[in-house]
Amino acid sequence: DPQQLELASSGKRKLRRFVVIDEVVDELYGSKVREYFEENNVQHRILALPTTEETKSMNLVLTILQEVQNFGIDRRREPIIAIGGGVCLDIVGLAASLYRRRTPYIRVPTTLLSYVDASVGAKNGVNFLQCKNKLGGYTPPVASFLDRSFIQSTPRRHISNGLGEILKMALMKHKGLFDLLKNHGQYLLDTKFQSYSGSADRGDAALQTTRIAIETMLEELAPNLWEDDLDRLVDFGHLISPELEMRVLPSLMHGEAVNIDMAFMTYVSYVRGLISAEEKEQIIQCMRGLELPVWHDGCSWPLIKRALMERMKHSGGQPRMPLPTGLGVAEIFNDTSEETLEKAYKLWVRD
């Protein structure tokens with residue numbers, strides 16, 4: 001905004017920013033963030049909070065809003081900044097959407113999962129009554145700032161966790177992305193998605209992978225930002241995983257739970273004759289190569305049935321089940337019988 005730039009440079013109006021940062025990220029990068037604001041003469045308040053699935057509640061939203069109120073912001077010209085993983089971005093997004101009905105906010109993702117998933121789209125929310133993201137809304141950020149250098153300090157398991165959501169987009173929409181993951185998965189894990197001068201021989205797999213994942217996600221989300229159409233390919237891996245993830249907290253991370261759901265649905269697709277045995281095996285081996293779990297003993301047959309019943313309640317009485325029909329292609333089905341699901345479950349457990 002040229003007018004705001006002029007105000008800032010003329011010294012007539014001091015820039016002010018309220019920042020919510022995950023407490024682990026604050027330990028690693030907090031001093032750099034503070035230094036940045038001080039050098040640019042920005043008055044700031046940095047609130048470091050524990051943002052995990054267990055703390056993802058309205059209580060934390062209200063804590064943020066109390067601090068925002070104390071600091072005082074111009075609700076049109078002073079966006080709230082969220083720096084952290086997907087949980088942090090979700091919580092801050094909801095807080096911003098509630099404050100004065102809609103205060104702008106900026107997402108700065110610091111994990112691979114949030115980089116390719118939470119940074120895109122309009123959704124925000126918190127857990128409620130032991131249900132994942134039961135309270136929330138659709139308020140897109142004014143911007144998402146993407147910087148892969150944050151990812152280098154995350155543990156290897158967190159990289160693998162993010163690869164689960166990337167694989168989702170590969171299986172639903174992009175055979176080239178699937179091939180990238182299959183061929184370079186270990187390299188991406190080893191290098192933590194950093195680009196090096198010597199990475200040119202791999203075609204900068206990190207840049208290609210994240211870019212394709214985000215572009216395919218945007219293709220799906222942009223025309224249906226408020227989910228008026230409930231037939232969504234991006235729901236692959238999200239039919240059973242919400243129930244599983246909340247049931248076994250904190251033993252599974254989000255991307256891991258999503259991958260277990262995708263592994264089961266790959267078997268459903270195979271039993272239905274939508275993919276071949278070889279394609280099924282390629283998918284499962286790719287998951288293993290990305291160091292993602294392909295099964296969990298908490299994912300029982302009763303839990304699957306309960307999760308699918310819950311799905312029907314919130315998707316217009318239809319399961320709207322995205323299933324791969326090949327590598328990188330998919331369709332949504334409403335006619336998968338319980339007999340097919342049980343057969344797929346038994347085969348999955350056996351394998």
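A: Contact means heavy atoms within 4.5 Å. The model is a predicted one.

Q: What does D117 touch, not counting residues up to four places away in sequence?
A: D117 touches E165, K168 and M217. The place of D117 is in helix α5, residues 112-118. D117 and F264 are 147 residues apart in sequence, and their C-alpha atoms are 21 Å apart in space.

Q: What makes N259 a buried residue?
A: Buried means under 20% relative accessible area. N259 has 0% relative accessibility, and therefore counts as buried. N259 belongs to helix α10. Leaving aside residues up to four places away in sequence, N259 touches L167, M287, L292, P293 and V294.

Q: Why is N41 called exposed, and why is G317 called partly exposed?
A: N41 has 52%, so N41 is exposed. G317 has 43%, so G317 is partly exposed. N41 is placed in the loop between α2 (23-39) and β2, whereas G317 is found in the loop between α12 (301-313) and β8 (321-324). From G317 to N334 there are 17 residues in sequence and 9.8 Å in space, C-alpha to C-alpha.

Q: Which residues touch the most other members of the largest nonpolar core?
A: They are L167, F264 and M265, in a core of 68 residues. Helix α10 (residues 254-271) gives the largest share of this core, nine residues. Domain 1 and domain 2 each supply at least three residues to this core. F264 touches I240, I304, L341, A344, Y345 and W348, with residues up to four places away in sequence not counted. Another core, of 25 residues, lies apart from the largest one; V61, I73, A118 and V126 are among its members.

Q: How do you know that domain 1 and domain 2 are in contact?
A: The test is whether heavy atoms lie within 4.5 Å. By this test, 19 residues of domain 1 are in contact with 25 residues of domain 2. The domain assignment gives domain 1 as 14-152 and domain 2 as 156-194 + 208-220 + 231-350. Their C-alpha centres lie 28 Å apart.

Q: What is the area buried between domain 1 and domain 2?
A: The size of an interface is often given as the accessible area lost when the parts come together. Between domain 1 and domain 2 that area is about 1,900 Å², and carbon and sulfur atoms give 69% of it.

Q: What makes β2 and β7 stand at the edges of the sheet?
A: The open sheet has five strands in the order β2-β1-β3-β4-β7, with parallel pairing. β2 (43-49) and β7 (143-144) each have a single partner strand, so one side of each is left without a neighbour in the sheet.

Q: How do you know that β1 and β3 pair?
A: Two strands pair if there are at least two bridges between them. Strand β1 (residues 16-22) and strand β3 (residues 80-84) are joined over four bridges in the parallel sense, and therefore they meet the condition. F18 stands opposite I80 in β3.

Q: Which helices lie against this sheet?
A: Helix α3 (residues 58-71) lies across β1, β2 and β3, and runs at about 165 degrees to β2. Helix α4 (residues 86-98) packs on the sheet and touches β1, β3 and β4 (105-109). The direction of α4 makes about 165 degrees with that of β3.

Q: How do β5 and β6 run, parallel or antiparallel?
A: Strand β5 (residues 123-128) and strand β6 (residues 131-138) run antiparallel and are joined by five bridges. G125 has G136 in β6 as its bridge partner. The hairpin has two residues between the strands, and L129 takes a positive phi near 55 degrees there.

Note on methods. Residues are numbered from 1 along each chain as its sequence is written. This is a predicted model: local features need pLDDT of at least 70, side-chain atom pairs count only at pLDDT 80 or more; totals for chains, interfaces and linings use all residues. Side-chain values use heavy atoms; hydrogens and water are left out. A nonpolar core is a set of buried Ala, Val, Leu, Ile, Met, Phe, Trp, Tyr and Cys residues joined through side-chain atoms within 4.5 Å. Buried means under 20% relative accessible area, exposed over 50%, partly exposed in between (1.4 Å probe, protein chains only). Domain bounds come from an automatic or database domain assignment. Axes are lines fitted to C-alpha atoms, for helices over the stretch in contact, and angles run from 0 to 180 degrees between N-to-C directions. Buried area is the accessible area (1.4 Å probe) that two parts lose on being put together, summed over both.
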